[in-house]
Amino acid sequence: MIIVLKSNVSDEQILNFSNLLTEKYDIKVNTWRGTHSTVLGLLGDTHLIDSEALQAKEIVESVKRVQEPYKKANRAFHPQNTVITVGNSKIGDGKLSLIAGPCSVESKEQITGIAKAVKESGAGFLRGGAFKPRTSPYAFQGLRGEGIELLLEAKKETGLPIVTEIMSIAHLDLFEDVDVIQVGARNMQNFELLKELGKTNKPILLKRGLANTVEETLMSAEYIMSQGNDRVILCERGVRTFETYTRNTLDISAIPIFKKLSHLPVVVDPSHSGGIAWLVEPLCLAAVAAGADGLIVEVHNDPAHALCDGAQSITPKMFDTLAKKLSAVKNNI
Ligand code: PEP
Ligand code: MN
């Protein structure tokens, strides 16, 4: 249930009113204060609440029951876009955010070299996998803790905040200095992991699962937010369909749908969607035109010899050309 308060209410009135609600009912109240209105989001079992009685209160503008099962992630609870700030970089502030870097961290030279190059082209974040979810247990599994150390060295040299994937909560200590924790597609419904990440204060880049709906993705965001961490970034990375030409099918329509249903920023991954380097550019352009807040792109200095996902990795030079085209699209929509 959401209660929109009249524009002239004071902080004291808001506090008294929400205290009254929490004392009377077994609920939590989430307050969102905008410049022109205040929205109280009621979380918990609200079916006993008499909405007509609330509507009659002096300070209340309107009362609405929220049908969707996700509440904190719902735009009704938080009408303005959420902006996530990490150091000097932002996601969701209306500008296009670029997250770029290799699929996997391979060496100090590799990650630092790529970090410098993508920063020069306008990336605001460095990505790089340290713990890799590979289909085969015999494939390269990532440099793990050492990979995170190398990302931190690249951060020290470039100032770029780092984004890297967590696969098990047992590794959380290693992520202490990581700026944005990625939850990969395969873990989108690892609810215990999501709940633990909800207790941290780190931004979480939540990738849509391989075969999950928009609503399931928002419910996974809700798992994180329900524990107190509101800094969630949604990531559309393609879903499984009958098509085999591409690795996955980029669901372009998910971008405006996520933006309509939720206030959380939306980032698109063209690399794991298409799975082919030459497709990265058109998919990025389409994503930006459809309203994406950012892109997460795999960039490798030597794609032919990459230890993981070389076929979908673009070179720093291609990334530079891409970044220029993206600015042109962004500035014209
Ligand atoms: C990745 O970003 O490196 C990755 C494994 O992506 P996904 O979880 O989307 O497959
Ligand atoms: Mn990859």
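# A guided tour of the predicted model

Strand β9 gives the most to the lining of the largest pocket, contributing three residues. Strands and helices here are DSSP runs numbered from the N terminus (E, at least two residues, for strands; H or I, at least four, for helices). This is a predicted model, in which local features need pLDDT of at least 70 and side-chain atom pairs count only at pLDDT 80 or more, while totals for chains, interfaces and linings use all residues. Residues are numbered from 1 along each chain as its sequence is written, chains are lettered from A and ligands numbered from 1 in the order in which they are written, and side-chain values use heavy atoms, with hydrogens and water left out.

**The largest pocket**

Select Lys132, Pro133, Arg186, His272 and Asp309, which lie nearest the centre of the largest pocket among its 22 lining residues. A pocket is an open set of points, on a 1 Å grid over the protein atoms alone, where a 1.4 Å probe fits and protein lies on both sides within 12 Å along at least five of seven lines; lining residues have an atom within 4 Å of a point. The space in this pocket is about 270 Å³, a volume being the space filled by probe spheres set on the points, which are joined across faces, edges and corners. Its lining comprises six nonpolar, seven polar and nine charged residues. Here Ala, Val, Leu, Ile, Met, Phe, Trp, Tyr, Cys and Pro count as nonpolar, Asp, Glu, Lys and Arg as charged, and the others, Gly among them, as polar.

**The manganese site**

Next, select the manganese ion (ligand 2), which is coordinated by Cys103 (SG), His272 (NE2), Glu298 (OE) and Asp309 (OD) at 2.0 to 2.4 Å. Donors are N, O and S atoms within 2.8 Å of the metal (3.2 Å for Na, K and Ca); water is not among the atoms, so sites may look incomplete. Along the chain, the donors of the manganese ion (ligand 2) follow the spacing C-x168-H-x25-E-x10-D. Cys103, in the loop between β7 (97-101) and α3 (108-120), and Asp309, in the loop between β14 (294-298) and α10 (316-330), are 206 residues apart. Cys103 has a relative accessible area of 2% and is therefore buried (buried is under 20%, exposed over 50%, partly exposed in between, with a 1.4 Å probe and protein chains only).

**The second largest pocket**

Move to the second largest pocket, with about 180 Å³ of space. Its lining includes Asn88, Lys90, Asp93, Leu98 and Phe125. Strands β6 (89-91) and β7 are the elements that give two or more residues to this lining.

**Aromatic pairs**

The count comes to two aromatic pairs: rings of Phe, Tyr and Trp (its six-membered ring) pair if their centres lie within 6.5 Å, and planes under 30 degrees apart count as stacked, over 60 as edge-to-face and the rest as tilted. Select Phe131 and Phe175, a stacked pair at 6.1 Å centre to centre with 25° between the planes. Phe131 lies in the loop between β8 (125-127) and α4 (145-158), and Phe175 in the loop between β9 (162-166) and β10 (180-183). Phe131 and Phe175 are both buried. Then select Phe191 and Tyr223, whose ring centres are 4.4 Å apart with planes at 25°, so this pair is stacked too. Phe191 is partly exposed at 30% relative accessibility, and Tyr223 is partly exposed with a relative accessible area of 30%.
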